[in-house]
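Hi everyone, thanks for making time. Let me bring the model up on the screen, and then I'll walk you through a few spots in it.

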Amino acid sequence: MLTYSQPLYRPPSEARSLIFQITHGCSHNACTFCGMYTDKRFRMKPLETVLEEIQNIPAAYAATVRRVFLADGDATIYPTEKLTPILDALNAHFPALQRISAYVGRKALRAKTPEQWRELRQRKLSLLYFGLESGNEEVLELMNKGGSAAEAASLCQVVQQQGIALSVMVVLGGGGRRLAREHALDTARWVNQVNPRYLSLLTLFLRRNTSLFEQLEQPTWGSLAEETITLIQHIKGKNIIFRANHISNLVDLSGTLPRDRERLLSGLEAHRQKLLKSRAYDTVPEFYEEL
Ligand code: SF4
C-alpha cells in the first residue's frame with residue numbers, strides 16, 4: 001500500500017479523499033509564520049515511483065475512490081509534462097474518480113501557462129487550494145509570501161478561466177492589531193476581484209518566526225472579531241462558499257456570501273458583545289501571549 005513521509009497535511013474538506021503524495025514538503029518553505037515543513041526538505045517523488053505506486057493500489061480499493069488529493073504543500077509545482085501522465089494514470093486506475101485537487105503556491109501558479117492548466121483540468125484536476133493569507137501587500141511582505149496580492153489575483157484568474165475552482169485561505173490576525181483593518185479591507189477587495197468558489201478563514205498561529213508581531217502588535221480577541229466583521233461586511237462577490245470552521249477559529253461560521261451575510265454578521269456581533277461583557281475583548285489570546 002501507500003507509504004507517506006510525515007508530516008502530512010490536507011485541507012479539512014479532503015477528509016474522505018485518497019491522499020496521494022507526489023512531492024515532499026513545500027517548494028517555498030519560507031513564510032515567516034509557517035512551521036509546517038521546516039524539517040522536511042522539498043523534493044519531488046520520481047515519476048516512475050509515483051506511477052508504480054498507483055499501479056500497486058489494489059483494484060477492489062481503487063474502484064471505491066472518487067476523490068484524490070495530491071500532497072504535499074505545493075504538488076502542482078510538478079512539471080506539467082510529468083504531471084499529465086500521473087493524472088492519466090489516476091484516471092485509468094480509479095474508474096469512479098470525479099475530482100483531483102491539490103494545494104497550489106505562487107511558484108506553481110507562475111510556472112504554468114493557461115494551456116497547461118487546461119490540459120490538467122481536462123484530466124480532472126478541478127480544485128486548487130491557495131493560501132492567499134492576506135490581500136494587503138505590507139502584510140504579505142512581512143509574511144515573506146514570495147509574491148504580491150496583485151500578482152496572485154491575475155494568476156488565480158487565469159486558473160479559474162480554465163475551469164479550475166479555487167479555494168482561497170485567509171489568516172485572521174495576519175495584520176496583527178496595527179494592520180487589522182487594512183488586512184480585512186484589502187482582502188475583501190481581492191476576494192471581490194477574483195471571486196473564488198470557496199473562501200476559508202483560519203486564525204494565525206506563529207510556528208516559525210515569532211517576531212512577526214513585533215512590528216504588527218499582537219491581536220486581541222476583540223480585534224480578531226472586528227477584523228472578521230469588517231471582512232464579511234465588505235465581500236461583494238457572487239456565490240462564494242464561505243467557511244470559518246477550522247480548529248483555529250474562535251467562532252464557527254459557514255454560509256454562502258453575499259447571501260448569508262446578515263446571518264453571519266449577527267452571529268459575530270453576538271460573539272463580540274459576549275467578549276465585551278466578559279472583558280476578554282482587549283485580552284491577547286493565550287496562544288500569542290506565550291510568544
Ligand atoms: S504557508 Fe504554505 S507556502 Fe508558506 S511555507 Fe507554509 S506551506 Fe509553504
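Before the first spot, a term: a polar contact is a pair of N or O atoms within 3.5 Å, where, within protein, one must be able to donate a hydrogen and the other to accept it, and residues adjacent in sequence count only if both atoms are side-chain atoms. Helices here are DSSP runs of H or I with at least four residues, and strands are E runs of at least two, numbered from the N terminus.

Now some housekeeping. This is a predicted model, so local features need pLDDT of at least 70 and side-chain atom pairs pLDDT 80 or more, while totals for chains, interfaces and linings use all residues. Residues are numbered from 1 along each chain as its sequence is written, and side-chain values use heavy atoms, leaving out hydrogens and water.

Let's start with helix 7. Ser148 caps its N-terminal end, with a side-chain oxygen 3.0 Å from the backbone nitrogen of Glu151. Just after helix 7 comes Gly163, with a positive phi of about 90 degrees.

Next, Thr23, which sits in strand 2 (residues 23-24). Thr23 counts as buried because its relative accessibility is 0%. Its side chain reaches the backbone nitrogen of Asp72 at 3.0 Å. Thr23 and Leu70 are 47 residues apart in sequence, yet 8.4 Å apart in space, C-alpha to C-alpha.

Technical notes
Buried means under 20% relative accessible area, exposed over 50%, partly exposed in between (1.4 Å probe, protein chains only).
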